Amino acid sequence: MNADTTGPHVVVAGGGITGLAAAHRLALAGHRVTLLEADGRLGGKLLAGEIAGAPVDLGAESLLARRPEAVALARAVGLGDRLQAPATTTASVWSRGELVPMPKGHVMGVPGDARAVEGLLSEEGVRRVAADPDLPPTGIGDDVAIGAYVAARMGHEVVDRLVEPLLGGVYAGDAHRISMKAAVPALFEAAREHPALTDAVRAVQRAGAAVPADAAGAATGLGGSVFAGVEGGVGTLPGAVADAVRAAGGEIVPNAPVTALRRTGATGWQVVAGDRVLTADAVVLATPAGPAAALLAEHAPAAARELGAIEYASMALVTLAFRRSDVSLPAGSGFLVPPVDGRTIKASTFSSQKWRWVADAAPDLFVLRTSVGRHGEEEQLRREDADLVDASLKDLAAAVGLGARPVATTVTRWTGGLPQYPVGHLARVARAREAVAALPGLRIAGAAYDGVGIPACIASAHRAADAIAAGLTGGAAGSDDEIIATSETAAPGAGHSS
């Protein structure tokens, strides 16, 4: 379907996966759409690249397949036959100098049984987890930091050795700041009903087991896999979505940073991007929170204040290619690193073992990557590329005995790449959305609001697009609660590496 060039015009600011998904949704609905991207490249933190001639992801490298949005979008834009389940999902934790298999039966690192963490935690740590059912209830209130709550129920060791490294892979954040309600909503709600945290974990697991595997996923080889990749890289998804937007009549303009919004009449907008001034009936702001705050300062100062307070973490991915004959690594997809151990890297993914498409594209190479940097560790990102490579190799040698030198390396920096979800985040987002909703023809969407993973970003985009479409046509939009209820519990962001 081609967009009606005489109908209402919607401008989407931001060409990451959120903005592209919003533009795609609106264009397929028949609206005239223009997407403006500040950079010369589309895709945001989704970036396909190459190392030593082999295709790799240099940003986010997997989709959460148990949520439908990302897999559905990939299929809609012609990538369905390239979706792949991981070849292996077995991961380890590099703790106290040893690789320990990732415990089973946990929810974001919170175990449902003390026996699951034997071998990873000390005997005292295991006993502390086992004591959880005998403790009196711990107040949870309207929100709580997941690290603080889990430590109160199960002790600090399970937070340090399991919760922290898992949350670090998703948010590059600090478990003692991250909101349990925002980051692990299913566990938060279960913990409000079950005084024992182990009981809450098992309740979440039972609820997840009751959801049948996606039959369409099984037909494409995904089966019941929690995660999915894309042959050629998840970073190829933005280009495919952009092509679909253009095919539906939408316009995409790179190198066009939006610098101002102006009101025209009661409902219309002027969008200033460089020397271009576009007249729009509606606008979707799919930028990071800071740029959105700047654009909203005049029209919705309360929303601007809320969005301006959202913090971001920076991190880097170090991708290394070795001669396959030089490498002998443990089986599995890689390992996580507890920050308490003071290592430089926070995780490593054995890409050639995790993804069949990586191994098939470069059979003579072994590709792996490490991630560096968390919230509050910006000094790591100021190190030279060579220093980050050397630090990664040092940690890899200590963790898995890797002594080979790589034949190629590349460092990808994601400055301000991952929004932080501290206690009270959802309330902050609700206040910002309420202020924006008072302005006809304007919505916000992106990783700063409803989840940092790809499916959550797409859901956020669809929410904004549907609200805009409803306003233009007089229809009904989905409620905020419908979207918030689907917020992810383990969203793979650019730093997810296991």
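This report describes the cavities, a pocket, a helix and a sheet of a predicted model.

Residues are numbered from 1 along each chain as its sequence is written, and side-chain values use heavy atoms, with hydrogens and water left out. In this predicted model, local features need pLDDT of at least 70 and side-chain atom pairs count only at pLDDT 80 or more, while totals for chains, interfaces and linings use all residues.

**Enclosed and open space**

The structure holds 2 cavities of 30 Å³ or more. On a 1 Å grid over the protein atoms alone, a cavity is a set of points where a 1.4 Å probe fits but cannot get out, and a pocket is an open set with protein on both sides within 12 Å along at least five of seven lines; lining residues have an atom within 4 Å of a point. A volume is the space filled by probe spheres set on the points.

| Space | Volume | Lining residues by class |
|---|---|---|
| Largest cavity | about 80 Å³ | 5 nonpolar, 2 polar, 3 charged |
| Second largest cavity | about 30 Å³ | 5 nonpolar, 3 polar, no charged |
| Second largest pocket | about 800 Å³ | 27 nonpolar, 14 polar, 5 charged |

In these classes, Ala, Val, Leu, Ile, Met, Phe, Trp, Tyr, Cys and Pro count as nonpolar, Asp, Glu, Lys and Arg as charged, and the others, Gly among them, as polar.

Among the residues lining the largest cavity are Asp-57, Glu-61, Trp-355, Trp-357 and Arg-369. Strand E4 (54-57), helix H14 (356-361) and strand E20 (365-372) each supply at least two residues of this lining; helices (H or I, at least four residues) and strands (E, at least two) are DSSP runs, numbered from the N terminus. The lining of the second largest cavity includes Pro-330, Gly-332, Phe-335 and Phe-350.

The second largest pocket is lined by 46 residues, of which Gly-44, Lys-45, Ala-286, Thr-287 and Pro-288 lie nearest its centre. Helix H1 (17-28), helix H11 (289-296) and helix H19 (454-473) are among the elements that give two or more residues to this lining, and E21 gives the most, with 6 residues.

**Helix H7**

Within helix H7 (residues 185-193), Pro-185, Leu-187, Phe-188, Ala-190 and Ala-191 are buried, that is, under 20% relative accessible area with a 1.4 Å probe, protein chains only. Their cover includes strands E9 (106-107) and E10 (110-111), together with helices H4 (146-154), H6 (180-183) and H8 (197-209).

**The sheet E13-E14-E15**

An open sheet is formed by 3 strands in the order E13-E14-E15, with antiparallel pairing; two strands pair if DSSP finds at least two bridges between them. Strand E13 (258-264) and strand E15 (276-280) each have a single partner strand, so one side of each is left without a neighbour in the sheet. E13 is joined to strand E14 (residues 268-273) by 6 bridges, and Arg-263 has Trp-269 in E14 as its bridge partner.

Technical notes. Buried means under 20% relative accessible area, exposed over 50%, partly exposed in between (1.4 Å probe, protein chains only). Contact means heavy atoms within 4.5 Å.
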